[in-house]
Amino acid sequence: MAVVNFELLHVLATLCRTRDHASVSVDNGRVRRTLHVAGGELIGADSTVATERLGVQLAADGKLDVELVVPLVKAARAANRFFGDELVAQGLLTVADVVRAVEHQTHSRFDRALQMAGTIAATRPLRVRATYRAPLGAVVVAAFRSRLPVGTATALVAGISPEHSRLRPEHVVVNELRLTSPELRCWRRLASGQDTAGVLDRATDGEVPVRLIAALIALGAIGDPADPVPEPLRKIAASA
């Protein structure tokens with residue numbers, strides 16, 4: 001079963017709630033992934049892993065000849081363009097193709113960062129171009145919806161104490177979560193005051209309730225309301 005980095009989730013939940021700006025990295029000594037957050041949105045994700053580069057992923061998906069990757073990287077650098085822009089300029093992919101590829105790359109890096117053990121560090125936002133933009137809450141929900149193992153969600157839900165098992169809707173903006181119809185039904189039950197155990201006992205939508213509840217725990221909308229501001233963000237505030 002995949003292990004979720006709870007400290008990283010706590011940092012992201014705080015940024016989602018406060019709408020602050022930060023670049024948050026996870027580093028295990030071999031791999032470093034960085035998530036860029038601004039105003040409650042995920043605007044990009046970087047990685048030191050070569051196989052997570054856009055050109056490599058497009059070649060692996062059969063959408064780009066692997067022999068073209070290095071020449072295209074050089075051409076993009078010579079023209080002072082991003083790799084995706086170079087693909088469009090040379091007519092190899094459409095803008096829509098590149099947008100979809102960058103979205104897939106960003107979500108993949110986000111999911112892998114969530115499942116990394118390592119040192120968490122947060123800084124004031126690095127100077128990056130927003131290559132992707134989506135509400136952070138929606139990205140977290142999407143990760144728990146289908147990409148993270150259900151066992152991970154189940155373990156997260158099982159760790160919540162009964163006294164902290166009710167939804168605090170003020171901690172998230174529901175419209176930003178981009179919930180599906182089954183998820184909205186679950187949300188309404190939670191918002192009516194039912195605790196997580198009651199919702200799960202009456203669940204008829206398969207894995208949907210446990211996955212959504214886990215995402216809401218990750219976002220700080222269910223769980224201990226006394227959780228302090230995480231240390232990496234306190235360090236940012238102290239340096240401001």
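Mentor: Helices here are DSSP runs of H or I with at least four residues, and strands are DSSP runs of E with at least two, each kind numbered from the N terminus. On that basis R19 is placed in the loop between α1 and β1. The model is a predicted one, in which local features need pLDDT of at least 70 and side-chain atom pairs count only at pLDDT 80 or more, while totals for chains, interfaces and linings use all residues. Residues are numbered from 1 along each chain as its sequence is written, and side-chain values use heavy atoms, with hydrogens and water left out.

Trainee: What is the phi of R19, and what is that of R178?

Mentor: Most residues other than glycine have a negative phi. R19, although not a glycine, has a positive phi of about 65 degrees, and R178, again not a glycine, has a positive phi of about 55 degrees.

Trainee: How do you know that the reach of α1 is close to the one expected?

Mentor: The expected span of a helix is 1.5 Å times one less than its number of residues. With 13 residues, α1 reaches 18 Å from its first C-alpha to its last, against the 18 Å expected. At the N-terminal end, N5 caps α1 through a side-chain oxygen that lies 3.2 Å from the backbone nitrogen of E7, which falls within the 3.5 Å set for a polar contact between N or O atoms (within protein, one must be able to donate a hydrogen and the other to accept it, and residues adjacent in sequence count only if both atoms are side-chain atoms).

Trainee: What makes β1 and β2 a pair of strands?

Mentor: Two strands pair if DSSP finds at least two bridges between them. Strand β1 (residues 22-27) and strand β2 (residues 32-38) are joined by six bridges and run antiparallel, with S25 opposite T34 in β2. The antiparallel pair β3 and β5 has two bridges, and A134 in β5 is the bridge partner of L42.

Trainee: Which strands stand at the edges of the sheet, and why is one side of each left without a neighbour?

Mentor: The open sheet has five strands in the order β4-β1-β2-β3-β5, paired antiparallel. The edges are β4 (119-123) and β5 (134-135), each with a single partner strand, so one side of each has no neighbour in the sheet.

Trainee: Why is β3 described as largely enclosed?

Mentor: Five of its seven residues are buried, so β3 is largely enclosed by the rest of the structure.

Trainee: Which residues have the most contacts inside the largest nonpolar core?

Mentor: A nonpolar core is a set of buried Ala, Val, Leu, Ile, Met, Phe, Trp, Tyr and Cys residues joined through side-chain atoms within 4.5 Å. The largest such core has 66 residues, and those with the most contacts inside it are L8, F110, F144 and L216. Its largest share, eight residues, comes from helix α10 (residues 208-218). The buried residues of α1 include L8 and L12. Contact means heavy atoms within 4.5 Å, and, leaving aside neighbours within four places in sequence, F110 is in contact with residues including L12, L35, L42 and V139.

Terms used
Buried < 20%, exposed > 50% of the residue type's maximum accessible area, 1.4 Å probe, protein only.
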